[in-house]
Amino acid sequence: MATLGNAKNTIEVLQKYNFNFQKKFGQNFLIDANILEKIVDAAQVTEEDCVLEIGPGIGTMTQYLAERAKTVIAVEIDKNLIPILQDTLSPYANVTIMNEDILKVDINHIVDKYNGGKPIKVVANLPYYITTPIIMALFEKHVALQSITIMVQKEVADRMQVGPGTKDYGALSLAVQYYAHPEIVVRVPASCFMPRPNVDSTVIRLTRYEKPPVEVTDEVYLFAVIRASFNQRRKTLVNGLTNAGNLGISRDNIISVLEEMQLSPTVRGETLTLEQFAEFSNCLLSKRA
Ligand code: SAM
């Protein structure tokens with residue numbers, strides 16, 4: 001089986017198996033060896049590593065990962081791709097192919113089973129329709145991981161690394177920056193994929209912090225506050241949180257916490273830094289108790 005990562009060999013494999021792209025699974029396969037090298041370099045994959053690849057497609061990036069990693073676990077939802085993967089990955093004894101929906105598998109169980117619970121690296125050219133739920137699941141379920149190196153839509157990569165006061169700032173920015181240090185690796189034009197997507201893409205690496213940069217009493221409550229603050233973006237923080245109804249805190253208490261923090265009662269959530277959200281949620285929680 002020839003190495004993938006170029007248009008010619010990709011077309012050959014697709015024709016051999018008479019494969020039809022499924023739009024609902026966000027299938028855009030990489031055909032640029034240079035970009036593939038950059039992704040695997042950025043992920044700093046070594047022969048000590050167990051890598052989880054989400055959505056291997058026809059196994060293009062999996063081949064690059066298998067060359068460098070100790071083991072690769074490749075989770076693919078589309079059953080029509082499984083015979084193709086068994087073919088393209090047949091030279092690699094260190095790859096396990098799983099026909100599963102990544103949003104439904106127990107990733108902690110995979111880490112336990114294949115890496116004895118030690119931190120893994122996640123590498124993926126993600127289907128764009130599930131980028132945010134995958135990232136949130138990896139972080140919120142506290143999957144043991146060192147880093148996530150992923151291809152995402154350019155705008156989503158921008159959202160992950162911006163701070164307050166910009167239109168892209170939101171719950172995703174705060175979640176990513178609470179758990180990890182984000183770094184843009186490379187911008188990727190649509191011409192590097194088959195078929196070409198309608199959007200520009202970016203590879204971003206999220207390096208997991210050993211300890212989050214802010215201290216919070218209750219992480220779940222912090223993110224409930226953050227979500228409520230951005231759910232109604234154009235409302236003031238006080239109105240947004242009062243309307244949320246699930247935080248167990250009165251309007252008067254929200255206003256008094258803002259006063260203690262020397263913030264205006266008409267402040268909007270989009271102006272608060274991660275540090276301010278942490279302090280704010282800690283104070284709200286102490287008043288709720
Ligand atoms: N990694 C390949 C590459 O770079 O050429 C394919 C990337 S393609 C953008 C996304 C892949 O994720 C597709 O193979 C698609 O079938 C798969 N996929 C989509 N949703 C998935 C899910 N929920 N769980 C696992 N795989 C999924």
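1. The lining of the largest pocket divides into 23 nonpolar, 10 polar and six charged residues. Here Ala, Val, Leu, Ile, Met, Phe, Trp, Tyr, Cys and Pro count as nonpolar, Asp, Glu, Lys and Arg as charged, and the others, Gly among them, as polar. A pocket is an open set of points on a 1 Å grid over the protein atoms alone, with protein on both sides within 12 Å along at least five of seven lines; lining residues have an atom within 4 Å of a point.

2. This is a predicted model, in which local features need pLDDT of at least 70 and side-chain atom pairs count only at pLDDT 80 or more, while totals for chains, interfaces and linings use all residues. Residues are numbered from 1 along each chain as its sequence is written, and side-chain values use heavy atoms, with hydrogens and water left out.

3. The largest pocket holds about 640 Å³ of space, a volume being the space filled by probe spheres set on grid points joined across faces, edges and corners. Of its 39 lining residues, Phe 25, Gly 26, Gln 27, Asn 28 and Pro 127 are the closest to the centre. At least two lining residues each come from E1, strand E2 (50–54), helix H3 (60–68) and E3. Helices (H or I, at least four residues) and strands (E, at least two) are DSSP runs, numbered from the N terminus.

4. The ligand sits in this largest pocket, that is, more than half of its atoms lie within 2 Å of the grid points. Strand E1 (29–30) and strand E3 (71–76) are the elements that give two or more residues to the shell around the ligand. The ligand has 23 residues around it, and Leu 30, Gly 55, Glu 76, Asp 101 and Asn 125 come nearest; a residue counts if one of its heavy atoms lies within 4 Å. By class, the shell has 12 nonpolar, six polar and five charged residues.

5. A ligand oxygen atom is 2.8 Å from a polar backbone atom of Leu 30. The protein covers 99% of the 600 Å² of accessible area that the ligand has on its own (Shrake-Rupley method, 1.4 Å probe).

6. Ile 102 also lines the largest cavity, together with Val 105, Asp 106, Ile 107, Asn 108, Ala 137, Lys 141 and Val 143. A cavity is a set of points where a 1.4 Å probe fits but cannot get out. The largest cavity holds about 50 Å³ of space.

7. Two backbone points deserve a check against the model. The Met 194 to Pro 195 peptide bond is cis, with omega near -15°; Pro 195 is in the loop between strand E8 (193–194) and strand E9 (201–208). Asn 18, in the loop between helix H1 (7–16) and E1, has a positive phi near 50°.

Note on methods. A polar contact is a pair of N or O atoms within 3.5 Å; within protein, one must be able to donate a hydrogen and the other to accept it, and residues adjacent in sequence count only if both atoms are side-chain atoms.
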